[in-house]
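Subject: Structure handover

Hello,

Here is the structure for your files, followed by notes on what was found in it. Please read the notes with the model open.

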Amino acid sequence: MNPILEAIKKADSILIVGHVRPDGDCLGSAFALREYCIMQGKVVDVGSPSPLPEAYSFVKHSEVFNRITRRKYDLFIAVDCGALDRIGRFEGFYNSAKETVWIDHHRGHNGFGKYNIVDSEASSACELVFDLLECEKVINKKIATYLYMGLSSDTGHFMHNNTTPKVLLTAYKLALYGADTYGLATELYRSRSKQKTELIAKCINAMRFYNDDKVSLICITREILAEVGLESNDTEGIIDYAIAVKGVEIGVSICEEKSNEYKVSFRSRTRNVGDIASIFGGGGHMYAAGCRIFGKKEDVIDKILKAIRDTEAE
Ligand SMILES: [Mn+2]
């Protein structure tokens with residue numbers, strides 16, 4: 001038996017943790033595993049260092065997210081976390097658990113669990129969870145819908161370069177298992193709030209172009225967020241508007257999470273933005289990466305543009 005399934009079998013209580021600012025992949029893989037653990041008769045909680053984003057309130061059982069019922073768990077499972085600090089304040093549970101599991105698809109680490117599934121070739125943590133659970137013959141409509149959510153969101157609804165034949169085969173299998181593909185497409189891509197639409201309008205309006213229009217940059221300041229009544233964790237997907245411009249090679253979004261503290265996201269068509277993010281202590285993938293940069297807005301932008309220039313020749 002797979003050692004991770006074995007560890008689940010042995011544990012009475014399980015905590016499944018996703019990263020800060022949870023996204024569709026992190027939530028999908030966490031809730032799918034939760035469902036499997038419930039089937040095995042386990043006490044299982046799911047959470048992340050951040051609250052559930054409003055955009056994901058449609059997710060089945062989302063009301064239990066971050067409902068932490070124990071001070072200690074037998075088994076700690078991290079999903080979609082590219083570094084140890086992505087579990088934030090849950091580190092105490094990680095340290096006190098008898099066994100630890102790490103399931104992730106980000107580059108640059110081998111996992112921080114006793115048992116690890118880390119594969120940077122995988123499109124999503126959900127793809128890895130699918131591989132783990134498929135042979136168990138437990139994938140039902142609910143689990144399939146969770147996993148399809150991560151597969152869809154981490155591949156930009158099957159448009160990013162990580163949409164491999166295996167991703168499409170997995171999507172096909174999940175559809176056969178009953179995943180609500182149409183319902184998810186509607187919830188994920190056709191349910192934008194009025195405020196978010198206003199935010200996108202402002203971001204596009206203020207988009208800047210550099211390096212002969214090969215670099216586009218969106219700056220989400222605290223003023224812009226306040227104007228539309230949103231928080232920095234409501235900005236998922238904004239970056240896509242930067243890279244959706246013809247001729248742009250690198251799209252960047254910077255979001256002022258705290259005063260003089262910017263969360264920076266990169267998207268690329270050709271260049272390795274993971275290398276650029278790592279200059280600032282961040283990480284990610286070839287075509288999608290992120291980091292955090294401190295300073296005033298214009299200084300942060302200058303640093304990013306310099307890093308893009310410096311890595312160009314390589
Ligand atoms: Mn992911």
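Leaving aside residues up to four places away in sequence, S124 touches D25, H105, G150, L151 and D154, where contact means heavy atoms within 4.5 Å. S124 sits in the loop between β5 and α4; helices (H or I, at least four residues) and strands (E, at least two) are DSSP runs, numbered from the N terminus. S124 counts as buried because its relative accessibility is 0%; buried means under 20% relative accessible area, exposed over 50%, and partly exposed in between, with a 1.4 Å probe and protein chains only.

Two notes on the source. This is a predicted model in which local features need pLDDT of at least 70 and side-chain atom pairs count only at pLDDT 80 or more, while totals for chains, interfaces and linings use all residues. Residues are numbered from 1 along each chain as its sequence is written, and side-chain values use heavy atoms, with hydrogens and water left out.

Metal site

The manganese ion has D25 (OD), D80 (OD), H105 (NE2) and D154 (OD) as its protein donors, at 2.1 to 2.3 Å. Donors are N, O and S atoms within 2.8 Å of the metal (3.2 Å for Na, K and Ca); water is not among the atoms, so sites may look incomplete. Along the chain the donor spacing reads D-x54-D-x24-H-x48-D. D80 belongs to the loop between β3 (75–79) and α3 (91–96), and H105 to the loop between β4 (99–104) and β5 (115–118), so this pair ties together parts that are 25 residues apart in sequence. Both D80 and H105 are buried.

Sheet

The open sheet has five strands in the order β2-β1-β3-β4-β5, with parallel pairing; two strands pair if DSSP finds at least two bridges between them. At the edges are β2 (43–47) and β5, each pairing on one side only. Neighbouring strands are turned by 10° against each other on average, direction ignored. Axes are lines fitted to C-alpha atoms, for helices over the stretch in contact, and angles run from 0 to 180 degrees between N-to-C directions.

Strand β1 (residues 13–17) runs parallel to β3 and is joined to it by four bridges. L15 has F76 in β3 as its bridge partner, and I16 stands opposite I77 in β3. On β3 and β4, the parallel pairing extends over five bridges, with V79 opposite I103 in β4. Together, β3, α3 and β4 make a right-handed β-α-β unit: with the strands pointing away from the viewer, the path from the first strand over the helix to the second runs clockwise.

In a regular strand the side chains alternate between the two faces of the sheet. In β3 both faces are covered, with L75, I77 and V79 buried on one side and F76 and A78 buried on the other.

Helix pair

Helix α5 (residues 141–154) packs against α4 at about 145°, and the two axes are 8 Å apart. The contact brings C126, E127, V129, F130 and L133 of α4 to I143, Y146, L147, G150 and L151 of α5. These residues divide into eight nonpolar, one polar and one charged. Ala, Val, Leu, Ile, Met, Phe, Trp, Tyr, Cys and Pro count as nonpolar, Asp, Glu, Lys and Arg as charged, and the others, Gly among them, as polar.

Regards
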